[in-house]
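Morning, everyone. Let me put the structure up, and then I'll walk you through it.

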Amino acid sequence: MQMEKKIKELEEKAKVVRRHIVEMIGRCGSGHPGGSLSAADILTVLYFHKMRHNPGLPKWEERDRFVLSKGHAAPVLYAVLAEAGYFPKSYLKTLRQIGSSLQGHVDMLSLPGIEMSTGSLGQGFSAANGMALAARLDKKNYRVYVMVGDGESQEGQIWEAAMTAGHYKLDNLTVIVDHNKYQIDGKVEEIKGIQPIADKWRAFRFNVIDGMNGHDIKAIIKALDEAERHKGKPTVIVAETVKGKGVSFMENRPKDFHGKAPTKEEVLKALEELI
Amino acid sequence: MVEFASTRDTYGKVLVEIGRSDRNVVVLDADLSVSTKTCLFGKEFPDRFFDMGVAEQDMMSTAAGLAACGKIVFASTFAVFGSGRAWDQVRISIAYTRSNVKIVVTHGGITTGEDGATHQANEDLAIMRAIPNMTVIVPSDAIETENVIRNLVKEYGPAYVRLSRLSTPVINQSREYGFKIGKGIILKPGNDITIIATGIMVYHAMVASDELAKEGISARVVNMHTIKPLDRQLVIQCAQETGAVVTAEEHSIIGGLGGAVAEVLVENSPVPMVRVGMKDMFGESGAPKELLEKYGLTSPDIVKAAKSAMKRK
């Protein structure tokens, strides 16, 4: 019963996060709605259920870390951080504007709660490994979470980093692949296929949790808990997601809404769907 | 008799000493630890040494992650890889984040020798200098290398330090000569022209100055160990006091020390200037000494350049 209530709360929170995403990208007229919406449920579970963190003390040493390696999905991270209380929600209105802390791609020096500046794909994963190694050196119990995109998985550095995590048996690290199946130029499998994803990660010495529904709060919680319990290897969760999730016309045109902002009318339509 | 010492041997030894006094120091290498001498640190502190394998890009971003958790990170490989191969990672993961990562590379310049053009970094100073927040240093000898490394541990932020493959002539008699990052050093006074040199070319500049003296030309020599932030004040002062400048570096004449000095002079105090360095071309395999001669990186080349600059005074 308690759990059902929690799940309901998280579902509601994810909706609020989605509303922020649509509104902020719509307002500034540029950004990446598709890949932000596909990651909304996972980030909601991480920041409002799973991770130990303290928005009042963003540099708390024992905190769990989250690195958004697919840095273009910045709006979803801004939305959860604002909702969590890292900075005022009014900041969201300044996305991508000159002088704003909310850069087009996340900047760790300009905003509390951002663990690593990302945007050039592949780099965030390696940085997350560095944080996991530091935890081990300092004998700290924090966990490191890193989200990578499926398109991002075409970067060579992702596999360099995977090799590092596997070699060093970073079981304090959880990688989440946001498998929303689309990249800027089209379908991932048509541009340059990354399948079989699970086999690739297994070959890189990961514990693989495959086929998780990235929009099912209960399934996300279960997978993250399972990842934490697994010792001796890093875990990757391959999250099956829908690009533009929650907004019907974006779900139907995922390629169009990879890096394009909705119009004013589209924002209103989207918000109607997200009540 | 000129004494020779290896900058990379010094780096390896100093790193171990720093590691003993500061538990926060962590060292990364990309399968070249025997060459870069970080293996010495790895042997004494296996827990704080990570060989990242042949993966320089991964190494640089991993270094940033460690630094984000409070570590002072040294990341080493050859100059070509630490600059070119991982440039984007250095730019975003390390420099944009102003991470406390010291990229200390060996095998800089054409004296890498027999490995040939692929392994001779002649462009690294230019591409590292172009990155905001980045400090760029080329020690003139082994003694200065120790000063650089010890200073970097005290100064927070990213830096790129370029060392040599070969043992190089020792210029400084002891570590007490007032070394400071960003401050050039007048090694030899002179009034007719200033030779501003960096790295191994500081020694060649001293030899050139002696040769010029025989012909009655008083050539000042400046050891410009820090390429960025450049000691602009000293460059301008030398130009104004001597009226002509030669730069000398084991690097392309495009974008390195010569480029940096030219930028300052053109905007502030234009004087006749000649850049000694690799022309806009790749090197080749060969003995380091032969290569220096073939590509115009010797003291006679500096003498020639000085005379040419003075003619235009």
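One definition before anything else: a residue counts as buried if 20 or more other C-beta atoms lie within 10 Å of its own, as exposed if 12 or fewer do, and as partly exposed in between, with C-beta atoms placed from the backbone. This is a predicted model, so local features need pLDDT of at least 70 and side-chain atom pairs count only at pLDDT 80 or more, while totals for chains, interfaces and linings use all residues. Residues are numbered from 1 along each chain as its sequence is written, and chains are lettered from A and ligands numbered from 1 in the order in which they are written.

Chain A to begin. Look at helix H3, residues 40-50 of chain A. Of its 11 residues, 9 are buried, so this helix is largely enclosed by the rest of the structure. Helices here are DSSP runs of H or I with at least four residues, strands are runs of E with at least two, and both are numbered from the N terminus. Which residues of H3(A) are buried? They are A:Ala40, A:Asp41, A:Ile42, A:Leu43, A:Thr44, A:Val45, A:Leu46, A:Tyr47 and A:Lys50.

Now the sheet in chain A. It is open, with 5 strands in the order S1-S2-S3-S7-S6, and the pairing is parallel. Strands pair if DSSP finds at least two bridges between them. Strand S1 (65-68) and strand S6 (207-213) of chain A are the edges, each pairing on one side only. From one strand to the next, the twist averages 20 degrees. S1(A) pairs in the parallel sense with strand S2 (residues 144-149) of chain A over 4 bridges. In that pair, A:Arg65 has A:Val144 as its bridge partner in S2(A). Helix H9 (residues 217-229) of chain A packs on the sheet and touches strand S3 (173-179), S6 and strand S7 (235-240) of chain A. The direction of H9(A) makes about 175 degrees with that of S6(A). For angles, axes are lines fitted to C-alpha atoms, for helices over the stretch in contact, and values run from 0 to 180 degrees between N-to-C directions.

One backbone detail in chain A. The peptide bond from A:Gln195 to A:Pro196 is cis, with omega near -5 degrees. A:Pro196 sits in the loop between helix H7 (188-192) and helix H8 (197-203) of chain A.

On to chain B. It divides into domain 1 (4-169) and domain 2 (185-306); the bounds come from an automatic or database domain assignment. Their C-alpha centres lie 25 Å apart. The contact takes 27 residues from domain 1 of chain B and 32 residues from domain 2 of chain B. Contact means C-beta atoms, placed from the backbone, within 7 Å.

What lies between the domains? A nonpolar core is a set of buried Ala, Val, Leu, Ile, Met, Phe, Trp, Tyr and Cys residues joined through C-beta atoms within 7 Å. The largest has 180 residues, and B:Ala63, B:Ile195, B:Val246 and B:Ala306 touch the most other members. Both domains of chain B give residues to this core, so it lies between them. Leaving aside neighbours within four places in sequence, the contacts of B:Ala306 include B:Ile193, B:Leu212 and B:Val246.

Next, strand S5 (residues 101-106) of chain B. Here 6 of the 6 residues are buried, so the strand is largely enclosed by the rest of the structure. B:Val101, B:Ile103 and B:Val105 point one way from S5(B), and B:Lys102, B:Val104 and B:Thr106 the other way. Strand S4 (residues 72-78) of chain B pairs with S5(B) in the parallel sense over 6 bridges. There, B:Thr77 stands opposite B:Val105. S5(B) also runs parallel to strand S7 (residues 159-162) of chain B, joined by 4 bridges. B:Val104 has B:Val161 as its bridge partner in S7(B).

B:His107 is in the loop between S5 and H7 of chain B. Its phi is positive, about 60 degrees, although it is not a glycine. Buried or exposed? B:His107 is buried, with 26 other C-beta atoms within 10 Å. B:Asp31 also has a positive phi, near 65 degrees, but B:Asp31 is partly exposed, with 16 other C-beta atoms within 10 Å.

Last, where the chains meet. The contact takes 23 residues from chain B and 21 residues from chain A. H4(B) gives the most to the side of chain B that touches chain A, with 9 residues.

Definitions and conventions
Two residues are in contact if their C-beta atoms, placed from the backbone, lie within 7 Å.
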